[in-house]
Structures are given as C-alpha cells and as structure tokens.
Amino acid sequence: GYKITSTLDIQAQVGAKKNIDDAMKNRQNEALMLAGTEPGTGNVRLLAVNRNYSNDQRNNGPHTDPAKAGKVKGNYPNTTVPLLTGGADIQGYQSGSVFKMFTMVAALEKGIPLDYSFDTPSPVKTKYPLAPGPAACNDDRGRSVYCPENSGGKGQGVKSMWTAFGSSTNTYFVPLQERVGADNVVAAAKKMGIVFHGDDKDLGDNPQAAALWGAFTLGVSIHTPLEVANAYATLAADGKYCKPKPIQEIVEISSGNKVDGAESKCEQVMSEDVARAATDAARCPVGDKSQYDKCSGGTATGTKSEYLKSWPIAGKTGTTDSEKSVTMEAFTKQLSVFGVHTDPDTPQTTKRFKHDQVNPTVAKTLRDAMQGKEAIQFGKPSQGLALGERRNIPNVKCKSIADARNAVQAAGFEAQIASGKVASECPDGTAAGTDPTGSSSKGSIVVIQVSNGQPPGPSPGPSGGTGGGGAAPPPPPPNNPTTPTDPRCRINPRLCD
C-alpha cells in the first residue's frame, strides 16, 4: 500500500555500472566497487559493483580465501553479500592515503593553515611507541618508535598541506597528526561519518588508544565505500554531515500522505572555512587548481584534464601495502564518488592492484553523473586559514648555526637543523641558507641548511632545499604507494601511500 521512491540517480547508477563492467571484463573474483552520495542531503545516488544480486550461486567460482576454499563459494558473479555498505562477513576495506584528509581537517580546526610547511625526510622518527619491526626504529633514548617512510624511501623536501596532499607525503602527515593528536584526527573522521569495525573498534572508539595510533592517517583501518564517499561529501557541503539516506520519499497510496522517516538528517560538524580549506588542498591530487594557486610540486592524476574539464573537482587516491587494494575519491559540489578495487573474498590477497582501473572508472562515473548539471565553484577559504600570518624568513647565510637558529625563531618560525651538509661557499659548519626562503606562515618549520665549505659545482647538489642548498629531490613515481592492509598491522604498519 505504499509507493517508495529511492534516492538512486538513474543517470549516475547506469553510468557507474557500465564503467565498472567495461573496466572489469575477465577479472573474476576481483571487485571494483563504487558508492556515491549527494553533499548536503546524504542521498545515496549510486551503488555499483561488478556482481549480480542473486541467491543462485551454484555457478560461482571457488572462494579465494584459503581458509574457506572448498567449503564456501566465492561471491562472483552472483552474490547477496553487501560489499558496498557492509554487513555479514564484510566490514570494509582499507583506504590508504585517502585518510590523510582527516589529519588535515583536524589540523585546520586547530588553526594550522594550509601553508604550514616543514621538511619531509624519509624515514622520520615519531613519538609513537612501536614494537621492533619494518616500520620501527630507535629514538634518541633507544626506545622503539614508529618511523614511517615516503613512497620510494626518499625525502621530498619542504611541503605545505597543499603540496603534501598532492604528492601524498607520508612524512608530512604522520608528524602533522602527531602535532594535532591522533585522537583528534580519529574524532574528525568519526564526525564525518567514519565508523570503526571489528578489531579497529578497540582503537577508534577509545580516545586513549587512538592517541597512539600513529599509522591512522595512512588509512590502515577498514571502512565501507559508502562511509568514505559520504565523509568526503561533508567537505563539499561546507562542513555539513548528512547521514546516508537511500529513500527519497514514502507515500501511502490510498491517502496520498507522505510517511515520516525519509527526511535528511544533517549536522554542521565543522566550520565552513575548515571544509573549504580542506577542499582547496584536495584539488591538488586530481589535477585541479587551488584557488590560491598552491598545487605545484605534487604528483596529480590526470582526472581533471582527461575527464572533468567542465567542473571544479577535488579528491584523493590511496594504495594499501603490497598493492592489495587501490582506492580513489573524487567529488564536485553535487556528488561525491569513492571507488575501491580489490578482492573482497580475502583482504590478504596475493594479487596486486594498480590505479589504471579504479582511477578512470571513478572519473568517468563522476563525469557521466554530472552531464547536464551546473559547474559550481567550491567556496574559497579565508586567507587566514589558507596562508596564516605571513612572516619573512631571515637571511642567515654564513651565520653560525646558533645565530641562524635564533634569527629564525625570533621571526616567528620553528627552527630545524638539517641532518646533512650541502655544498656552499660559506665556511664549513655555518648556515648555508634556509628551506624555504622568502616567506612562510607563522609557526611553520624552517630548515637551516649546514654548509660543507665546498662551493656548489655546475650540477645540482644533494637534496635539501634552497638558499645555498641543493635541488629538491624529484617526486616519487605516481601510483606506486604502499600502506598496511593486514588488520594486525594497523598499529605496526609497513610503508604507506
């Protein structure tokens, strides 16, 4: 006796399924999953995966989990398992560097501007305790601590939030998380709709445990595609979180009256300015342009230029350890789409996944869904939250290290001494210059380069900055990141994108 109207957008849904099927021909057991929600309402606009919904699974292939092989059928091509929204044995998938967004939001909420800059050596020592292992090293007191590296294992020079998000620099976001508190980063994720499942609940729902979760910013916890898509939709909605909603309207046919319960349930969970600032940085990874023109130095995808020239877009990619899954998020003001490519039967798959499937599929789906829709520009963040209080960086060339440190600190910056030496005509052991030079936001880290007393030759010297230092290292090759995927590694991860 009721007429029920779903929130699915037929245009978006048809495009998503077609794009997935085109990308996943002859890829049995693998799944490419897409979820999309509408910012500001929570309306679920698309849910698609290369599966048929059916109870008849007689012709399905074997399960790829060795513990279930021979006992349980796999979920391809027919399934009733809720791969996209979670339930039964499916609790979610790791998202990789897509989760760096929550560290950025927590930092912005504490007033740290997007232009906050510091050096990003690899590895970097943190204060997070960690048992000896691949991701651990000893601190100055001999304690075993978490020491993350960048993809490729090299430092990436001085980065701001814009450029670090664009190049997915681990040794920017883990120290930034350390500064703002991992518990605050987890809290930011939760208020944007991230739910913790399984073993991750012990960390995500316990602030004391979350405070020690050093790898959280690298996307080691498991979540459903719908949760992640909707979390990013909060940014597009200028900080308004809306619970995912599959039903547009319920009407009693006999009376024509609407039934309560299909209304959007929304809450402003962060300031408009914070959401706009985070969105501005998120334009860098997908090849769009920051409204402050600060996206240089990253490793952006071709998403904007290849598929979405007509609309302002933002987003992020992620990859898990040993490339066991790859992800991508892309959004406009009207739609947020998140995609995951993995083997959903077993998170410990030995297969390796690349971004050449998920990235174009997400981009094409967003493009197809946006056809006929207005190009709406994202709101511009305030100059204060974008650039902070600008200060000039003093010229410390050839000064003693002590005098250089005092000058940098007196100007309102945090001074850091480079660990190695660079070619410079200044006397050995004196300051060769700073990285960065010019100006930066108050409170940013300024690295003081140390001279080796040898003037630089015609070729660029070793990495380490400007102002007498060598050339910055080239960015790591795109789409070759690593993050932990084994749930046991959520505290003791290996490398992360």
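**Note on the fold and its disulfides**

1. The protein chain carries 13 helices and 22 strands, where helices (H or I, at least four residues) and strands (E, at least two) are DSSP runs numbered from the N terminus. This is a predicted model, in which local features need pLDDT of at least 70 and side-chain atom pairs count only at pLDDT 80 or more, while totals for chains, interfaces and linings use all residues. Residues are numbered from 1 along each chain as its sequence is written, and side-chain values use heavy atoms, with hydrogens and water left out.

2. The radius of gyration of the protein chain is 24 Å, which agrees with the value near 23 Å that a compact globule of 497 residues would have; the radius is taken over C-alpha atoms, and the globule rule is 2.2 Å times the number of residues to the power 0.38. Along the principal axes, the C-alpha atoms fill a box of roughly 85 × 50 × 45 Å.

3. Of the 497 residues in the protein chain, 55% are buried, a class that means under 20% relative accessible area, with exposed over 50% and partly exposed in between (1.4 Å probe, protein chains only). Among contacts (heavy atoms within 4.5 Å) between residues at least 6 apart in sequence, 73% join residues at least 24 apart.

4. The count of disulfides, each a pair of cysteine sulfur atoms within 2.5 Å, comes to 4. With bonded cysteines counted along the chain, their pattern is 1-2, 3-4, 5-6, 7-8.

5. One of these disulfides joins Cys137 and Cys147, with the sulfur atoms 1.8 Å apart. Cys137 sits in strand β8 (residues 136-138) and Cys147 in the loop between β9 (144-146) and β10 (158-159), 10 residues apart. The torsion of -65 degrees about the S-S bond makes this link left-handed. Cys137 is partly exposed at 24% relative accessible area, whereas Cys147, at 5%, is buried.

6. Another disulfide links Cys284 to Cys295, S to S 2.1 Å. Both cysteines lie in the loop between α9 (272-282) and α10 (303-307), so the pair ties together parts that are 11 residues apart in sequence. Cys284 and Cys295 are buried, and their S-S torsion is about -80 degrees, so the disulfide is left-handed.

7. The sulfur atoms of Cys398 and Cys426 are 2.0 Å apart in a further disulfide, which is left-handed with -80 degrees about the S-S bond. Cys398 is partly exposed at 37% relative accessibility, while Cys426 is buried at 0%.
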